[in-house]
Amino acid sequence: MPRMRRETWVNWALLGLLLVAPLIANALGEIYYVNLATRIAIVAMAAVGLNLAIGYGGMISFGHAAFFGLGGYVAGISAFHAFDMTPVLSWPVTMPGTDNLLAIWLAAMLSCAVLALAIGAISLRTSGVYFIMITLAFAQMIYYFAVSWPTYGGEDGLPIYLRNQFPGLDTNDPLTYFLICFAALVLALAITARLMQSRFGAALSMARLNETRLATAGIAPYPIRLVAFVISAVITGLAGALFADLNGFVGPSMLSWHRSGEIMVIVILGGVGRLYGPLSGAILFVLMETLLGGLTEYWLLFLGLVLLFVVLFARGGVMGLLAGRERHV
């Protein structure tokens, strides 16, 4: 039996820490820390989606907040209509509101897939700074659309009065909701790992490293990148739906460029292109936000210093420090 690699031990340790900590907190009656762990799981999942685009596909998207926010708005709008007992759509077909999480997740993922297909079809015809700016421009258009949409709160956002329900589970229980989010994160990690171990993943990596060589092998880089971009958006959008339910609120801030930057910072902190990098980055980011944010309103200054250190001296991010250089075996 081959010896387990150091990075594998670190990966399992991070997952174990995220799972065990809220179980202990729940046993001690510290619900705040259970919700904190839920937030870590959700933002880590959003970063897993972005990491697929940036780390594995070389697509530096500054517009993933569009998918994160869209997922949140799908959850909020559906809950809003379920609470009011009014249809979401009445033409050309009647679509009622629902508080069923499975239906909401499906709607959020489909909505994000359609949006990502439209954005990716245009933006992936460019590269470099042009790609970055086009994805940012699309995200900002959707942000301003949400701000000017008074039906769903406009600039004030939309409250979710009752948490959406998962069949057979009590989602109002903080630990139960954490376990749902944790399972979603593990599934996102497993899907990403499976993709990157497949021929599709090899083609995506080659599209990042040398698209000319990929094209000479008879594989067009454009559709490979587009499919990866759509999958990336779907994962981030599902995280957005979970985030809206956690906070009981969805607003334009979920769509802003600040949110895109936050998710990108998490990916960089954890380690770009490392499977569990988003998890380690999310743990560090949320803990800094919570601990330092409680001490000073200038906590972002310290985050900037940490980010500067990572960029200059720890190219592999937190995962590089914990697990060493990435090895391909």
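A salt bridge here is a side-chain nitrogen of Lys or Arg within 4 Å of a carboxyl oxygen of Asp or Glu. The model is predicted: local features need pLDDT of at least 70, side-chain atom pairs count only at pLDDT 80 or more, and totals for chains, interfaces and linings use all residues. Residues are numbered from 1 along each chain as its sequence is written, and side-chain values use heavy atoms, with hydrogens and water left out.

**View 1. Salt bridge between E262 and R259.** The side chains of E262 and R259 meet at 3.2 Å, N to O. Both residues lie in helix α10, three residues apart, which is about one turn of the helix. Helices (H or I, at least four residues) and strands (E, at least two) are DSSP runs, numbered from the N terminus. E262 and R259 are both buried; buried means under 20% relative accessible area, exposed over 50%, and partly exposed in between (1.4 Å probe, protein chains only). The structure holds four salt bridges.

**View 2. Salt bridge between R274 and E7.** The N to O distance in this pair is 3.0 Å. R274 lies in the loop between α10 (257–270) and α11 (277–291) and E7 in helix α1 (residues 6–27), so the pair ties together parts that are 267 residues apart in sequence. Both R274 and E7 are buried.

**View 3. Salt bridge between E211 and R225.** The side chains of E211 and R225 meet at 2.8 Å, N to O. E211 sits in helix α8 (residues 211–216) and R225 in helix α9 (residues 221–247), 14 residues apart, and the pair links distant parts of the chain. E211 counts as partly exposed, at 39% relative accessibility. R225, at 17%, counts as buried.

**View 4. The largest nonpolar core.** A nonpolar core is a set of buried Ala, Val, Leu, Ile, Met, Phe, Trp, Tyr and Cys residues joined through side-chain atoms within 4.5 Å. The largest one has 74 residues, and L18, M45, L185, L242, L279 and F285 touch the most other members. Helix α2 (residues 31–56) supplies the largest share of this core, 14 residues. Apart from it lies another core of 27 residues, including L204, L214, I224 and V234.

**View 5. Surroundings of F285.** Leaving aside neighbours within four places in sequence, F285 is in contact (heavy atoms within 4.5 Å) with E262, V265, I266, L269, W299 and L303.

**View 6. The second largest pocket.** A pocket is an open set of points on a 1 Å grid over the protein atoms alone, where a 1.4 Å probe fits, with protein on both sides within 12 Å along at least five of seven lines; lining residues have an atom within 4 Å of a point. The volume of this pocket is about 550 Å³, taken as the space filled by probe spheres set on the points, which are joined across faces, edges and corners. Of its 22 lining residues, Y73, V74, I77, V88 and S111 lie nearest the centre. At least two lining residues come from each of α3 (65–84), β1 (87–89), β2 (95–96), α4 (101–123) and α5 (128–147). Helix α3 gives the most, with six residues.

**View 7. M85 in the loop between α3 and β1.** M85 has a positive phi of about 55° although it is not a glycine. M85 is exposed, with a relative accessible area of 75%.
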